[in-house]
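Here is a friendly walk through one protein model, with the cut-offs spelled out as they come up. Please keep the viewer open while you read.

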Amino acid sequence: MRTVLVLVVAVLVCIWGNVHLASADMSPTECKEERKLAGNACRPVLYGQNPSANCCQRIRVTHVECICPYVSPKVASIVRAYGLNKLIKKIEGCGRAIPHNFKCGSITTP
């Protein structure tokens with residue numbers, strides 16, 4: 001379950017963050033580290049807290065290509081069950097625009 005929560009947080013960070021394209025030299029190890037950092041920084045958002053300064057920073061620097069391949073239908077259903085709109089509002093608090101109709105794995109933003 002912990003892995004799923006980390007993925008959910010990382011997905012939210014990337015979907016609603018500034019969508020970066022991973023450079024050709026992003027290694028699987030670097031992507032794994034980005035997922036871990038994003039999950040750790042933003043985990044409290046899943047428990048109703050507002051994004052911290054550290055979480056907002058992760059939103060600005062995490063590469064979407066490191067996250068989207070891991071967004072399974074199961075992860076997407078957890079995001080939807082939590083409340084997509086509720087999470088969107090929290091992430092918008094970081095000052096990031098939310099791309100409309102952006103597909104990341106099994107999630108498409110409204």
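The side chain of Arg43 makes a polar contact with the side chain of Asn40, at 3.3 Å. A polar contact here is a pair of N or O atoms within 3.5 Å; within protein, one must be able to donate a hydrogen and the other to accept it, and residues adjacent in sequence count only if both atoms are side-chain atoms. This is a predicted model, in which local features need pLDDT of at least 70 and side-chain atom pairs count only at pLDDT 80 or more, while totals for chains, interfaces and linings use all residues. Residues are numbered from 1 along each chain as its sequence is written, and side-chain values use heavy atoms, with hydrogens and water left out.

Arg43 lies in helix H2, residues 28–46. Helices (H or I, at least four residues) and strands (E, at least two) are DSSP runs, numbered from the N terminus. Arg43 is buried yet has no salt bridge. Buried means under 20% relative accessible area, exposed over 50%, and partly exposed in between (1.4 Å probe, protein chains only). A salt bridge needs a side-chain nitrogen of Lys or Arg within 4 Å of a carboxyl oxygen of Asp or Glu.

Which side chain of opposite charge is nearest to Arg43? That is Glu33, 12 Å away. For charges, Lys and Arg count as positive and Asp and Glu as negative; His and the chain ends are not counted.

Glu33 has a partner of its own: the side chains of Lys36 and Glu33 meet in a salt bridge (3.9 Å, N to O). The count by this rule comes to one salt bridge. Lys36 and Glu33 are separated by about one helical turn, because they are three residues apart in helix H2.

Beyond H2, Ser52 sits in the loop between H2 and helix H3 (53–61). A polar atom of the side chain of Ser52 lies 3.0 Å from the backbone nitrogen of Cys55. Ser52 and Ala41 are 11 residues apart along the chain, with their C-alpha atoms separated by 7.6 Å.

In H3, the buried residues are Cys55, Cys56, Arg58 and Ile59. They line one face of the helix, because seen down the axis of H3 they fall within an arc of 155°. The arc is that of the directions from the helix axis to the C-beta atoms.

Past H3, Thr62 lies in the loop between H3 and H4. A polar atom of the side chain of Thr62 is 2.8 Å from the backbone oxygen of Arg58. Arg96 belongs to the loop between helix H5 (84–92) and strand S1 (103–104).

| Residue | Relative accessible area | Class |
|---|---|---|
| Glu33 | 35% | partly exposed |
| Lys36 | 46% | partly exposed |
| Ser52 | 33% | partly exposed |
| Thr62 | 1% | buried |
| Arg96 | 22% | partly exposed |
| Asn101 | 62% | exposed |

Asn101 is found in the loop between H5 and S1. Its phi is positive, about 60°, although Asn101 is not a glycine.

Which residues of helix H4 (residues 73–82) are buried? They are Val75, Ala76 and Val79. These buried residues line one face of H4, because they fall within an arc of 100° when seen down its axis. Pro73, Lys74 and Ala81, on the other side of H4, are exposed. After H4 comes Gly83, with a positive phi near 120°.

Now for the chain as a whole. It has five helices and two strands, and its elements run α-α-α-α-α-β-β from the N terminus on. Of the 110 residues in the chain, 47% are buried. Among contacts (heavy atoms within 4.5 Å) with a separation of 6 or more, 83% are between residues 24 or more positions apart. The accessible surface of the chain comes to about 5700 Å², and 56% of that belongs to carbon and sulfur atoms. Accessible areas come from the Shrake-Rupley method with a 1.4 Å probe; for residues, only the protein chains shown count as cover.
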